[in-house]
Structures are given as structure tokens and as C-alpha cells.
Amino acid sequence: MRLLGKKALITGAGSGIGQGMARLFARNGADIAVNDIDPERINETIAIVEAEGRKAVGAPFDVTDFEAVQAGVNDAREKLGGLDIFCGNAGIAPSVDFVDMSPEAWDIMMKVHLYGAFNGCKAVLPGMLEQSWGRIIITSSMSAVNGDKHLTHYSAAKAGQVGFVRALAREVVAAGVTVNAIAPGLVQTNILGEVDDEVINKYLPPVGRIGQPEDQAYAALYLASDEAEFVTGHLLQVNGGSF
Ligand code: NAD
């Protein structure tokens with residue numbers, strides 16, 4: 001019960017890593033605002049959180065839409081009675097050769113990952129600063145560290161998230177808010193359907209099994225806890241040894 005009484009908003013929580021975070025955070029006592037662009041997936045995660053005995057509310061907005069994020073976050077804060085933890089986790093990863101990459105394909109990657117982080121943090125931070133307590137956790141990627149073939153747009157956006165996290169962490173640490181990122185290696189989720197086999201093979205974890213959402217969720221649980229007060233501006237690599 002490391003998050004007892006806390007309220008968390010998780011983007012992209014209808015599937016994979018975000019859903020794993022929602023389950024584990026709820027198991028540890030948090031109420032959850034479940035964001036996704038896909039309403040059916042939101043309902044699935046709401047049922048999971050409720051089965052853990054916690055309150056769940058749907059937050060169906062597109063993380064790329066500044067106004068929609070502001071409205072969705074305000075609504076979630078009202079329905080949950082506060083907001084203490086923000087996980088900026090929504091993501092896409094369609095692989096494409098750089099030579100064939102369209103400006104639109106580049107743009108959407110920046111919008112979901114970089115603007116998604118910007119929009120979310122703009123919306124949640126004022127409340128966290130006011131209450132002098134907050135935890136922000138952005139799901140980046142090992143692609144930010146290594147750079148991946150056919151994922152130049154994704155690798156750039158994920159590396160951009162890390163620079164953003166480090167800078168924002170400095171601005172808000174004295175006010176009781178920490179800002180960190182996790183860098184998953186290969187995790188068994190729906191997103192792998194979008195990624196080249198070559199990249200998947202590169203990240204097969206030496207630990208001897210493929211990563212599961214729970215592996216990432218436990219890292220996020222630590223960063224969201226009171227115990228992680230002294231940890232900020234950090235990129236926690238959770239990759240089973242495939243660094
Ligand atoms: P996933 O596809 O299972 O989940 C991603 C969720 O994000 C989906 O439910 C999707 O509907 C939602 N989403 C996409 N665009 C959105 C938008 N504009 N607004 C709101 N929701 C949106 O994939 P996952 O593996 O759980 O991915 C979660 C995060 O982890 C992503 O940021 C991804 O880049 C990152 N990541 C995943 C892996 C991996 O191997 N699975 C590795 C490194 C990083």
C-alpha cells in the first residue's frame with residue numbers, strides 16, 4: 001500500500017505498460033484516472049482498477065490536443081478529488097525507413113511523445129505545486145539512449161522527453177515535485193506489432209525472458225512513492241540487461 005490515498009492519472013492506460021501501472025498503483029492504494037484515445041480500452045482498465053478495490057474514472061482524450069488535455073485533467077482532478085501522480089505513457093511506434101519517412105510521420109511522433117509530455121505536465125503541475133507534492137513519470141524508451149533503426153522519429157522524440165524531464169526536474173524539485181523517466185527495453189505489449197523484427201531481436205533481454213508491463217510498473221511505483229523523494233531528473237533503464 002505504498003500509494004495509499006494517492007490519485008494518479010496515467011495516459012495510454014488502456015493497454016500494455018500503462019494498464020500494468022494502473023493495476024499495480026491501484027493494488028498499492030491509489031485511485032486512477034485512466035486515459036486512452038481508445039474508449040473500449042479505457043473500460044477494460046477501469047474494470048481492472050475496480051477489481052483491485054479502488055476508484056477509477058475514464059479520461060478519454062488525445063494527448064496531442066492541448067485544450068483537451070487541460071479539460072480532461074481538470075475533470076479527472078475534480079472526480080478523484082485531487083491529482084498527485086502523472087504518468088505520461090501514451091505512445092506509438094510505427095517503424096519506417098528514414099528515406100521513406102514523410103514529414104507527417106515525423107510530426108505525429110513528436111506530437112504524441114513530446115507534445116504529449118508537454119501538454120500533460122502543463123495541465124497537472126499547477127495543482128502539484130500548490131499542494132507541494134507531486135510525482136511525474138514519463139515513459140521514454142531505450143531508443144532514446146541507443147537510437148534505433150527505422151525509428152529515427154521515435155528515437156528523437158524519446159530522447160527529447162529525457163531532456164525535458166531533466167530540465168523540468170530542476171525547476172520544480174524545491175517545490176516537492178519530482179520528474180523522472182523510465183526507459184523500457186522490450187516489453188510484450190500491443191505496440192510490438194508496429195516495430196521491425198530487427199529492432200525486436202536487438203532488445204531480446206539477456207535476463208532470459210521477454211519484459212512484461214509489470215516490470216515497468218514496479219519501476220514507476222518506486223518513482224511515484226514517498227520513498228523516491230530524493231530521486232529526480234533520472235532516466236531509469238528497465239531492460240533486462242539489453243542496454
Ligand atoms: P501499447 O500500444 O500497448 O499502449 C499504448 C497506449 O497508448 C494504447 O492503448 C494507445 O491507444 C494509447 N495511445 C496512443 N496514442 C494516444 C494518444 N494520442 N492519446 C492517448 N492515448 C494514446 O504500448 P506500450 O508498449 O504499453 O507503450 C507504452 C509506452 O511505452 C509508450 O510510450 C511506448 O513508446 C513505450 N515503450 C514501449 C516499449 C515496448 O517494448 N513495449 C519499449 C520502450 C518504450
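Which residue lies over the face of Trp-133, at 4.2 Å from the ring centre? That is Arg-135. Please keep in mind that this is a predicted model. Trp-133 also has Lys-6 over its face, and there the distance from the ring centre is 4.5 Å. On rings in general, a pair of aromatic rings is described by two things, the distance of the centres and the angle of the planes. In this model the count of aromatic pairs is 1.

Start with helix 4, residues 103–131, and helix 6, residues 152–172. Their axes are 8 Å apart, and the angle is about 20°. Angles under 35 degrees count as roughly parallel, and helix 4 and helix 6 are therefore roughly parallel to each other. The crossing of helix 4 past helix 6 is right-handed. On the helix 4 side, the contact includes Trp-106, Met-109, Met-110, Leu-114 and Phe-118. On the helix 6 side, Tyr-154, Ala-157, Phe-164 and Leu-168 are among the residues involved. By type, the contact residues of this pair are 16 nonpolar, 5 polar and 1 charged.

Next, what does helix 4 do with helix 3? Helix 3 covers residues 66–80, and the two pack at an angle of about 35° with axes 9 Å apart. This crossing is right-handed. From helix 3, the residues are Phe-66, Val-69, Gln-70, Val-73 and Arg-77. They meet a set in helix 4 that includes Phe-118, Asn-119, Lys-122 and Val-124. The division here is 6 nonpolar, 4 polar and 2 charged. Note that Phe-118 is in the contact with helix 3 and also in the contact with helix 6.

The last pair is helix 1, residues 16–27, with helix 8, residues 213–224. Are they roughly parallel or oblique? The angle is about 55° and the axes are 8 Å apart, which makes helix 1 oblique to helix 8. Helix 1 passes helix 8 in a right-handed crossing. The contact residues divide into 10 nonpolar, 3 polar and 2 charged.

That is the end of my part.

How values were computed
Residues numbered from 1 in each chain as written. Predicted model: local features only at pLDDT ≥ 70, side-chain atom pairs only at ≥ 80, totals over all residues. Heavy atoms only, no water. Axes fitted to C-alpha atoms, helices over the stretch in contact; angles between N-to-C directions. Helix = DSSP H or I, 4+ residues; strand = E, 2+ residues; numbered from the N terminus. Parallel < 35°, antiparallel > 145°, perpendicular 65-115°, else oblique. Left-handed = near helix turned anticlockwise from the far one by under 90°. Contact = heavy atoms within 4.5 Å. Nonpolar A, V, L, I, M, F, W, Y, C, P; charged D, E, K, R; others polar. Phe/Tyr/Trp six-rings, centres within 6.5 Å; stacked < 30°, edge-to-face > 60°. Lys NZ or Arg CZ within 6 Å of the ring centre and 35° of its normal.
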